[in-house]
Amino acid sequence: MAKDINDRTRTIILGLVVLVGITCAALLVSWMDTLRPPDDPYAIDESLYLNGKTARRISLSFNGLAADWYWMRSLQYVGKKILSVPEDVPIDNMGQLQMSLLAPLLDTATTLDPEFLDPYEYAAVVLPSVDVQEAIRITQKGIAANPNAWRLYQHLGYIYWQQHDYQAAAETYGRGAQIPGAPAWMEAMKAKMAADGGSRATAREIYTQMYEQSSDEQVRDMAHKRLLQLDSLDQRDVLRKLLSAYQARAGRCPNSWKELEPVFRTVRVPIDASGAPLDPTGIPYNLQRDTCEVELNPKSEIPVK
Amino acid sequence: METTASIAQSNTRAATRHGRFWRITAIARNAFREAVRDRVLYNLVLFVLLLTGASIFIGELSGGQERKVIVDLGLSAMLLFGVFIAIFVGVGLVYKEIERRTIYAVFSKPVGRGEFLVGKYFGLCLTLLVNVLVMAVGVSLALVYVSHGWDPLILTIWPAVLLIYMELMLLTAVALLFSSFSSPALSALLTFLVFIIGHFSADLKSLAGSLGSSSARWLFTGLYYLLPNLANYSFITPAAHGRAPSPGFVFATALYAFIYIVVVLSAATLVFSRRNFK
């Protein structure tokens, strides 16, 4: 009887030690986290221990899983960098963030699994603002490993287009259009690039295709924002013309948007209750009276650059 | 008279063959039961937890690549768990019988050394088959869950599963060979090394080609042909991209596995027959 009581007491005490110990350890970790200085988004990252070829060699049959791991690390890496700065950074314009590990991570993922197409797309969209030569190299590596994947030509053409190398972009779209199964718009893009590479119509076509074709939510979101930006640029051109006309007529800049409200209604520019024109996300534009210029509202999600 | 004698002889042979089959089946069944009693199949619980967790959370982490990750993770875990079972259970199959001295009781009955080894081998292969089948069904269900319905990858993973099973059968035979003459720890180590080197076989060949010394070239070429070529059984990554091996390739790998297993089990029987259990 006494032995049973002793056993029970010991069980309770040991159980309590486990519970209290785990709780204390968790609290301590949480406290230590508050003591640790925050990560510096501009700090130079420690380079990867393994390059792609070595990682592939030692991964035995598990190269696909290792590629997934590196791919997810790339996404986490970019996500962490974005969250570490207060302002909203579009994923295709992250040059100011120190992202020296992105190219090696994507390179390793695609060396481990050369048929894994999503990292190539990420390399084409995110990497050019960080290291354009690496972006071109990784995408070309993808084309060499997957010669029948027309989408890789689309990605490479996009990189060249971003670099304003419309001739190379046209050639790349043209090569991609020759691949069996490539959509007809690849051939049309070739012509557009050659004739009018720097136009908004071409940019709209590129981002529309990217938005429709991509399975990556971040890329689709970026393409969507770029399309909104293009709409906004068109809107701002119209608004500038209206402002110039008003200035020519009245000899001054309007004091507020309200003065232009009747004109906006005539040309069907969307406006809010105060008469201010709205951008494609529904946020009113700002009127810079000193320069008589229309500007994006800082609250707007539309990228400035 | 001669005809009657030959008929009697043939009947005896048939009866012996028939008896051998049942003896091997009985040993295999016991080996399977022992593995189940040893809670070997408990790894399935871990596997199910892993896949369930992956199916729920991987979507957010993988940027829309959850189907690929599920296949990579599921099939890789299937191979890894299978390799651990093949090695750690395989090397103990014979050793445990010797340690418990039950082998004396077995051999006091009309059971051959070869029958004993083959029976044990098939018992573990049956355990691995159950393990692999349950895991493959788990991966298929996880794909149905993440795709919200039918997914074509469900069909393409099965040839890869078959190749994984063949690789595990091959590795089990190797583990049994080592355990027929050495301690479990050394057998496990040697089998694990064979698993690793088996996946580096292409490197062995290229190494042999790049060496200047002819003796070294012969050595590495010999090793390339002698050691099991396990790289041919790696079809996890293509399966995750929806590619299945051709029937000809599967047949060739099955034939290679069959020949290699026969050779390894014969060698194991040869070594085991020389051991003294009297």
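**Helix H7 of chain A and its surroundings**

Mentor: In this predicted model, Pro128(A), Val132(A), Ala135(A), Ile136(A), Thr139(A), Gln140(A), Gly142(A) and Ile143(A) of helix H6(A) meet Leu152(A), Tyr153(A), His155(A), Leu156(A), Ile159(A), Tyr160(A) and Gln162(A) of helix H7(A), where contact means heavy atoms within 4.5 Å and helices (H or I, at least four residues) and strands (E, at least two) are DSSP runs numbered from the N terminus. By class, these residues divide into 10 nonpolar, 5 polar and no charged (Ala, Val, Leu, Ile, Met, Phe, Trp, Tyr, Cys and Pro count as nonpolar, Asp, Glu, Lys and Arg as charged, the others, Gly among them, as polar). Residues are numbered from 1 along each chain as its sequence is written, and chains are lettered from A and ligands numbered from 1 in the order in which they are written. Local features need pLDDT of at least 70 and side-chain atom pairs count only at pLDDT 80 or more, while totals for chains, interfaces and linings use all residues, and side-chain values use heavy atoms, with hydrogens and water left out.

As for geometry, H6(A), residues 128–145, and H7(A), residues 150–162, pack at about 150° with their axes 10 Å apart (lines fitted to C-alpha atoms over the stretch in contact, with angles from 0 to 180 degrees between N-to-C directions). H6(A) is therefore roughly antiparallel to H7(A) (angles over 145 degrees; under 35 is roughly parallel, 65 to 115 roughly perpendicular, the rest oblique). Their crossing is left-handed (the near helix is turned anticlockwise from the far one by less than a right angle; clockwise is right-handed).

H7(A) also packs with H10(A), at an angle of about 145° and with axes 12 Å apart, again in a left-handed crossing. Here Trp150(A), Arg151(A), Gln154(A), Tyr158(A) and Trp161(A) come from H7(A), and Thr202(A), Ala203(A), Ile206(A), Tyr207(A), Gln209(A), Met210(A) and Gln213(A) from H10(A). This contact has 7 nonpolar, 4 polar and 1 charged residues.

Over all chains the structure holds 29 salt bridges, and the count between chain A and chain B is 4, with Arg57(A) and Asp203(B) meeting in a salt bridge at 2.8 Å, N to O.

That last pair brings us to the partner chain, where 19 residues of chain A and 22 residues of chain B take part in the contact. The two chains bury about 1,800 Å² between them, 60% of it from carbon and sulfur atoms (the accessible area, 1.4 Å probe, that two parts lose on being put together, summed over both). Leu60(A), Ser61(A) and Phe62(A) supply 31% of the area that chain A buries against chain B, more than any other three residues.

Chain B itself has 12 helices and 0 strands.

Terms used
A salt bridge is a side-chain nitrogen of Lys or Arg within 4 Å of a carboxyl oxygen of Asp or Glu.
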